[in-house]
Amino acid sequence: MRLILLGPPGAGKGTQAQRLVKKHGIVQLSTGDMLRAAVAAGTPIGQRAKDIMARGELVPDDVVVAIVADRIDQPDARKGFILDGFPRTVPQAVALDRMLSAKGMKLDGVIELKVDANILHDRIASRVADTKARGEALRPDDNPDVLRRRIEAYRDQTAPLVDYYRGQGALGSVNGMAPIAEVADAIDRLLDPAPPTKPTGKKPVSKTVAAKRAVAAKVAAAKVAGRQNPSAARSRAAASAGRGAAARGKSTLRKTKSRRG
Ligand code: AMP
């Protein structure tokens with residue numbers, strides 16, 4: 001399974017991605033995590049990305065596209081992956097399409113987590129508080145000013161991907177403001193929609209039983225009609241018997257023909 005999770009910072013992409021990883025046995029590919037690792041390791045990419053990330057801006061397309069192209073070739077990504085935080089621009093999405101088709105791969109879907117911009121600030125504030133409470137280091141871009149810029153970057157550069165993927169018929173949207181478990185259920189329903197069934201409260205019957213019931217209903221109706229108009233009922237019954245014989249003859253012929261052919 002190959003998925004994209006689309007949504008603004010603080011939408012809950014990471015949380016849902018981790019759950020999907022466990023459920024489907026695929027890997028989470030977060031370009032943010034990869035870039036942070038590159039920054040921490042001081043690689044050339046990390047050095048290039050460090051200040052851009054600290055400002056809340058987007059790292060150039062060619063850098064992230066190269067990282068992703070390399071990452072999805074790794075053996076652990078063969079079974080499938082969830083892209084979290086990539087693509088973030090239309091050129092990245094176009095590059096991803098090309099990359100996947102060159103490898104003979106296809107996306108299974110793009111899930112958009114829809115979240116009102118006003119609550120994103122509160123969500124990041126509580127993420128910061130939780131991180132502090134756990135005694136862990138804060139992300140340098142988890143502060144109000146940088147967050148504002150990240151949300152703007154999403155609105156201006158990433159949100160157009162919603163239309164891009166909708167145009168491909170690949171987009172499914174869920175309400176990212178619902179409780180985590182509800183978001184998870186909505187995503188699962190998008191990925192594995194149950195066949196539409198109308199609960200009738202009755203047990204399903206087999207074709208044979210249904211056919212027998214139909215015959216019984218016809219017989220009962222014929223009896224009623226016979227009591228009302230015996231001669232018309234007799235001729236209807238004769239015509240019906242003739243049609244039945246003709247139909248049986250036809251189907252036998254078809255069977256005979258196909259057995260011979
Ligand atoms: P994230 O952890 O996904 O919120 O990403 C953190 C930061 O990494 C972003 O604010 C960007 O500076 C950078 N980044 C992550 N993914 C991308 C991407 N696909 N394109 C450009 N920049 C990215």
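## The shell around the ligand

Helix 2 supplies the largest share of the shell around the ligand, namely three residues, where helices (H or I, at least four residues) and strands (E, at least two) are DSSP runs numbered from the N terminus. The model described here is predicted: local features need pLDDT of at least 70 and side-chain atom pairs count only at pLDDT 80 or more, while totals for chains, interfaces and linings use all residues. Residues are numbered from 1 along each chain as its sequence is written.

There are 18 residues around the ligand, and those that come nearest are Thr31, Gly32, Val59, Gly85 and Arg88; a residue is near a molecule or strand if its C-beta atom, placed from the backbone, lies within 6 Å of it. Two or more residues of the shell are given by helix 2 (31–41) and by helix 3 (44–55). By residue class, the shell divides into nine nonpolar, five polar and four charged residues, with Ala, Val, Leu, Ile, Met, Phe, Trp, Tyr, Cys and Pro counted as nonpolar, Asp, Glu, Lys and Arg as charged, and the others, Gly among them, as polar.

## The protein as a whole

The protein contains 11 helices and five strands. Of its 261 residues, 21% count as buried; a residue is buried if 20 or more other C-beta atoms lie within 10 Å of its own, exposed if 12 or fewer, and partly exposed in between, with C-beta atoms placed from the backbone.

Among contacts between residues at least 6 apart in sequence, 74% join residues at least 24 apart, a contact being two residues whose C-beta atoms, placed from the backbone, lie within 7 Å.

Five strands form an open sheet in the order 2-3-1-4-5, with parallel pairing, where two strands pair if DSSP finds at least two bridges between them. Strand 2 (27–30) and strand 5 (171–175) are the edge strands, each of which pairs on one side only. From one strand to the next, the twist averages 25°; axes are lines fitted to C-alpha atoms, for helices over the stretch in contact, and angles run from 0 to 180 degrees between N-to-C directions.

Strand 1 (residues 2–6) is mostly covered, with four of its five residues buried. This strand pairs in the parallel sense with strand 3 (residues 81–84) over four bridges, and four bridges also join strand 1 to strand 4 (residues 109–114), again in parallel. Strand 4 in turn runs parallel to strand 5, joined by five bridges, and Lys114 stands opposite Asn175 in strand 5.

Helix 1 (residues 13–24) lies across strand 1, strand 2, strand 3 and strand 4, and runs at about 175° to strand 3.

In helix 4 (residues 61–71), the residues Val64, Val65 and Val68 are buried. They lie on the same side of helix 4 because they cover an arc of only 100° around the axis, the arc being that of the directions from the helix axis to the C-beta atoms. Asp62 and Asp70, on the other side of helix 4, are exposed. The buried residues of helix 4 are covered by elements that include strand 2, helix 2 and helix 5.
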